[in-house]
Amino acid sequence: MRATGAQRAVAASLLFLAAAALAGVVPTEERVEYRLFGIVEGLFALLLVYLLTLRGAWMRPVGPLGWTALAYGTVATAQVLEFLLPPPGLIEWVVVAGVAIAAWGVFAGGTRRRLVASLASLAILLAVLRYSMIPVLWGVGPEAGSGFGLGDAAEGVRRVFADHRPVRPAGELLGFVALCCWALATRVLWPPSAADRRELDPE
C-alpha cells in the first residue's frame, strides 16, 4: 500500500522538524546551547529548496500540508547549513562564494539524482572543512594564542580566517542525526518518475 501525498507530506514535515531541532543543539563544557541559523544560511536554504523543487527532488507542494512540508524543509535546510558551514571569517566567505557560483551551474541542467549526489558531496566537504581542517589549523602552537610564538597576534590572525568554536562529539552526533532526518525527509518527498509509476501501476 503506497502512502498518499498528504501522508508523505506529514511524514516529511515531522522529519524536517526533527532535523531543525537537532541541528542547532550544541553541548558545551558549561551548558547546552541552541544556535539558530543566520541570514546567509537562510538565503542559501531558499535557493536550495527552489532547486530541489525545480529539479523534482522534492514534490511540488499541493494543499496546506504540502506547503507546510516545504516551509519546514526550508527551516531545516537553513539549520543544517548552520551546522555545516564554516564559522564567520575569511574561510566562510570563500566557501559561500564557491557554493554560490557552483549553484548557478545547477540551473543549466542535470538530473535530480545528480543534484542530490552533489549536495551529499558538498555536505561531506563542508563537514571535513569545519570539523577536521579548521580545528587542526586552530590548534597550531603549544596553547591557544601562542601559534608560532606570536602570542595574541596569532589568535587575532586566526579569528580573521575562522572564529572557531569547538563542538563536542555529542554535538557532532546530534548534527549527524539531523542530517539523517533531512535526508530521509528528502527521500519521502522524492516523487516517483514516469518509469516508476508504470512499474507500480502497469495499467
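Author: Helices are DSSP runs of H or I with at least four residues, strands are runs of E with at least two, and both are numbered from the N terminus. The expected span of a helix is 1.5 Å times one less than its number of residues. This is a predicted model, in which local features need pLDDT of at least 70, side-chain atom pairs count only at pLDDT 80 or more, and totals for chains, interfaces and linings use all residues. Residues are numbered from 1 along each chain as its sequence is written, and side-chain values use heavy atoms, with hydrogens and water left out.

Reader: How do you know that the span of helix 2 agrees with its number of residues?

Author: Helix 2 (residues 39-54) has 16 residues and should therefore span 22 Å at 1.5 Å a residue; its end C-alpha atoms are 22 Å apart, which agrees. Gly56, with a positive phi near 80 degrees, follows helix 2.

Reader: What makes Val94 buried or exposed?

Author: Val94 has 56% relative accessibility and therefore counts as exposed. Its place is in helix 4.

Reader: Which residues of helix 2 are buried?

Author: Glu41, Gly42, Phe44, Ala45, Leu48, Val49, Leu51, Leu52 and Thr53 are buried in helix 2.

Key: Buried < 20%, exposed > 50% of the residue type's maximum accessible area, 1.4 Å probe, protein only.
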